[in-house]
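Please read the following note alongside the sequence and the model.

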Amino acid sequence: GAARPRLTFLGTGYLGATYAICYAELGYEVLGFDVDEAKIAGLAAGVVPFHEPGLDELLRRNIAAGRLRFSTDYQEAAEFGDVHFICVGTPQRGDGMGADLTYVETAVVNLAQHLSRKALIVGKSTVPVGTAEWIEQLVGKHVAPELGVEVAWSPEFLQEGFAVEDVLRPNRIVVGVKSDWANGLLYSAHKGVFDLAATEDREVPLVITDFATAELVKVAANAFLATKISFINAMAEVCEVAGGDVTQLSRAIGYDPRIGNRFLQAGVGFGGGCLPKDIRAFQARAQELGAGEALRFLHEVDLINLRRRTRVLNLAADLLGRRSGPAGPDLSGARIAVLGATFKPNSDDIRDAPSLAVAGLLLKAGADVRVYDPEGMDNAKKASPDLTYEPTLNDAVRDADLVCVLTEWADFRNADPVALGDLVAGKKVIDGRNCLDPALWTQAGWTYRGMGRP
Ligand code: UDX
């Protein structure tokens, strides 16, 4: 492969834009491609269309350095790149289970039709296993065989809020390849990452696999993380009936390095654009392949996760002294502050956010719900327009009968329970993320309820 191959990233959403910018920062010549004119115009003007710490500055610096440009022209992308990374979205299908590959197909076919020299097409989007083989067939149909265009797979493991670090300093690089040529070229395309690690006295492990394994690595990793969270939330359920404290339990088991303490925080469960969608698509794919039984536990992982949301609703009813009817608890007349709308702190992403789902449940039960979030208000208003939003934390809790902390923003963790106590109608708090200090809140006169705590 070339010493410094030129890279294109097709699809400049969260994944593609982050990669394009970071690989330019590593010294590569990069072109970001998208069909969305407005998105491309914005990026070219130095504006990142989502919230990710540090990315804006890198974008502007690399445009200025002449290493990074953007285009909506397939022809330009095809001519520019030695390696083309497919980073388009793979949304949940209409049936709510499998992944929709329409965008992948469009990107690959259009790129392929414009290729006029040997190049490598590398899948990065999260897809059902088998997609790389399918892309290879698509490429075969749309590119002259004598060009020798090849396909490879290289999954990503970005965590929102840490995406720049995760791309520049990944804990591993996985490549699924079929030829030495593809292997060598992909090595060159990642050499910037290995070189950076070497200057910092680190090593980034490289795992070279076949297509299927590379595709599975991504969904397996996400399934494992989701399982870890649901495991501790299942323990929370048991703690709730047995009178234990899941936060202590989590600490105690997490000291065993075979278990590890990360992704072991019980609370209102996982959300976001990846974990919930990926575990459902993974089950659907395993079913198609005849291995549905092997992933049946992921259905349980999903159910445990969703049960945490109803748990908050029932806790609220309990704290407010409300009876449950056949349609669930009646919270009419109760004013409830919901603190947090994003699926996790330091993000403006509200996709599949447990906080908004719980707010919806409380509203349906008749409560007067007031939502506040430091960064997610604009997105939340669009996604859940039926909820009432307040401009500040104080406005949200004013006259509330109950306060629910559902995303662990620092603003909420550090809030002063004494000052907040003066604003509310009733000093009752549900700590949906176990992120508050129960002693502090109790001393300030609050009735405190955590998740999986006595
Ligand atoms: C996740 C994976 O971490 C990442 O590797 C993958 O590439 C994409 O999906 P992300 O969606 O950014 O990343 O969110 P993450 O930080 O993993 O959190 C997911 C959800 O789990 C959040 O709602 C978070 O609040 C919740 N969570 C996380 C818990 O409830 N408990 C925990 O202990 C950890």
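1. Strand β12 (residues 368–372) and strand β13 run parallel and are joined by two bridges. Within this pairing, Arg370 has Thr388 of β13 as its bridge partner. Strands here are DSSP runs (E, at least two residues) and helices likewise (H or I, at least four residues), numbered from the N terminus; two strands pair if DSSP finds at least two bridges between them.

2. The model is a predicted one, in which local features need pLDDT of at least 70 and side-chain atom pairs count only at pLDDT 80 or more, while totals for chains, interfaces and linings use all residues. Residue numbers start from 1 along each chain as its sequence is written.

3. The β12–β13 pair belongs to an open sheet of six strands, ordered β13-β12-β11-β14-β15-β16, with parallel pairing. Its edges are β13 (388–389) and β16 (447–450), each with a single partner strand, so one side of each has no neighbour in the sheet.

4. The ligand is surrounded by 19 residues, the closest being Glu160, Gln265, Phe270, Gly272 and Cys274. The shell holds 10 nonpolar, seven polar and two charged residues, where Ala, Val, Leu, Ile, Met, Phe, Trp, Tyr, Cys and Pro count as nonpolar, Asp, Glu, Lys and Arg as charged, and the others, Gly among them, as polar.

5. Helix α9 (residues 211–242) contributes the most to this shell, with three residues. Because domain 1 (7–209) and domain 2 (210–454) both supply shell residues, the ligand lies between them; the domain bounds come from an automatic or database domain assignment.

6. An unreviewed UniProt entry annotates a "binding site" whose residues include Glu160, Lys218, Gln265, Ala266, Gly267 and Lys344. The annotated positions span 188 residues in sequence and their farthest two C-alpha atoms are 24.5 Å apart, so they do not all gather at one spot. UniProt positions follow the numbering used here, feature names are shortened, and annotations may be inferred rather than shown by experiment.

7. Ala266 is buried, with 27 other C-beta atoms within 10 Å; Gly267 is buried with 26. The term buried requires 20 or more other C-beta atoms within 10 Å of the residue's own, with C-beta atoms placed from the backbone.

Conventions
A residue is near a molecule or strand if its C-beta atom, placed from the backbone, lies within 6 Å of it. A residue is buried if 20 or more other C-beta atoms lie within 10 Å of its own, exposed if 12 or fewer, and partly exposed in between; C-beta atoms are placed from the backbone.
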